[in-house]
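Morning, everyone. I have one model to show you, and I will go through it element by element. Please look at the screen first.

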Amino acid sequence: MLPLLRTVGLRVFSMASETYRPGSLSAAFVTCPNDTVARTLARGIVENKLAACVNIVPAITSVYEWQGKIEEDSEVMLMIKTRSSKVPALAEYVRSNHPYEVAEVISLPIEQGNPPYLKWIEGVVPE
């Protein structure tokens, strides 16, 4: 029993000693008209060090109002993990490279997560 308690205790101490400032990283979301646009944007975002990782989520359906009409379209969602300080540059990159007249770029702060993963994001995306 003692070795198990020691292992659990070390793991808890290890997790608690990781330093992460809540909100310093963000998850951003961008919708795209198709897979080609999504892959092009995702690759450019990562290559330009605007994010550590971009997940491409296929086959979402968006229902929205545009120019006074209710629209329903199939889209592709990008889920982007980055530093919160990079969100303005990320939004500018998307606006400059996206085919939509008004591209969706929204972000939410990451309050908690797997400490090694959060540290990895910080290591990949420069300040």
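I will start with the overall picture, then take the sheet, the helices and a few single residues.

A word on where the values come from: this is a predicted model, in which local features need pLDDT of at least 70, side-chain atom pairs count only at pLDDT 80 or more, and totals for chains, interfaces and linings use all residues. Residues are numbered from 1 along each chain as its sequence is written, and side-chain values use heavy atoms, with hydrogens and water left out.

The chain has four helices and four strands. Helices here are DSSP runs of H or I of at least four residues, strands are runs of E of at least two, and both are numbered from the N terminus. Starting at the N terminus, the order of elements is α-β-α-β-β-α-β-α. Of the 127 residues in the chain, 32% are buried. Buried means under 20% relative accessible area, exposed means over 50%, and partly exposed is in between, with a 1.4 Å probe and protein chains only. The accessible surface comes to about 8300 Å², and 58% of that belongs to carbon and sulfur atoms. Those areas come from the Shrake-Rupley method with a 1.4 Å probe, and for residues only the protein chains shown count as cover. As for contacts, meaning heavy atoms within 4.5 Å, take the ones between residues at least 6 apart in sequence: 75% of them join residues at least 24 apart.

Now the sheet. In what order do the strands of the open sheet lie? The order is E2-E3-E1-E4, four strands with antiparallel pairing. The edge strands are E2 and E4 (106–110), each pairing on one side only. On average, neighbouring strands are turned by 30 degrees against each other, direction ignored. Two strands count as paired if DSSP finds at least two bridges between them. In general, strands of a sheet pair through backbone hydrogen bonds, either parallel or antiparallel.

Going through the pairs, E2 and E3 are joined antiparallel over twelve bridges, and Thr-61 has Ser-74 in E3 as its bridge partner. E1 and E3 run antiparallel with eight bridges, and Val-30 stands opposite Leu-78 in E3. E1 and E4 run antiparallel with five bridges; here Phe-29 has Ile-106 in E4 as its bridge partner.

E1 is mostly covered, with eight of its eight residues buried. Leu-25, Ala-27, Phe-29 and Thr-31 point one way, Ser-26, Ala-28, Val-30 and Cys-32 point the other way, and all are buried.

Next, helix H2, residues 35–47. H2 has 13 residues and reaches 18 Å from first C-alpha to last, close to the 18 Å expected at 1.5 Å a residue; the expected span is 1.5 Å times one less than the number of residues. Which residues of H2 are buried? They are Val-37, Ala-38, Leu-41, Ala-42, Gly-44 and Ile-45. These pack against E1 (25–32), E2 (53–66), E3 (69–83) and helix H3 (87–97). At the start of H2, a side-chain oxygen of Asn-34 comes to within 3.1 Å of the backbone nitrogen of Thr-36.

Lys-49 counts as partly exposed because its relative accessibility is 40%. Ala-59, in strand E2, also takes a positive phi, near 55 degrees. Ala-59 counts as exposed because its relative accessibility is 70%.

Two residues of E3 to finish. Arg-83 lies in that strand, and at 12% relative accessibility it counts as buried. A polar atom of the Arg-83 side chain lies 2.5 Å from the backbone oxygen of Val-125. Leaving aside neighbours within four places in sequence, the contacts of Arg-83 include Ser-24, Glu-122 and Pro-126.

Met-77 is also in E3, and is buried, with a relative accessible area of 18%. Met-77 and Asn-34 are 43 residues apart in sequence and 9.1 Å apart in space, C-alpha to C-alpha. Outside four places in sequence, Met-77 is in contact with residues including Phe-29, Thr-31, Asn-55 and Ile-60.

That is the tour.

Conventions:
A polar contact is a pair of N or O atoms within 3.5 Å; within protein, one must be able to donate a hydrogen and the other to accept it, and residues adjacent in sequence count only if both atoms are side-chain atoms. Axes are lines fitted to C-alpha atoms, for helices over the stretch in contact, and angles run from 0 to 180 degrees between N-to-C directions.
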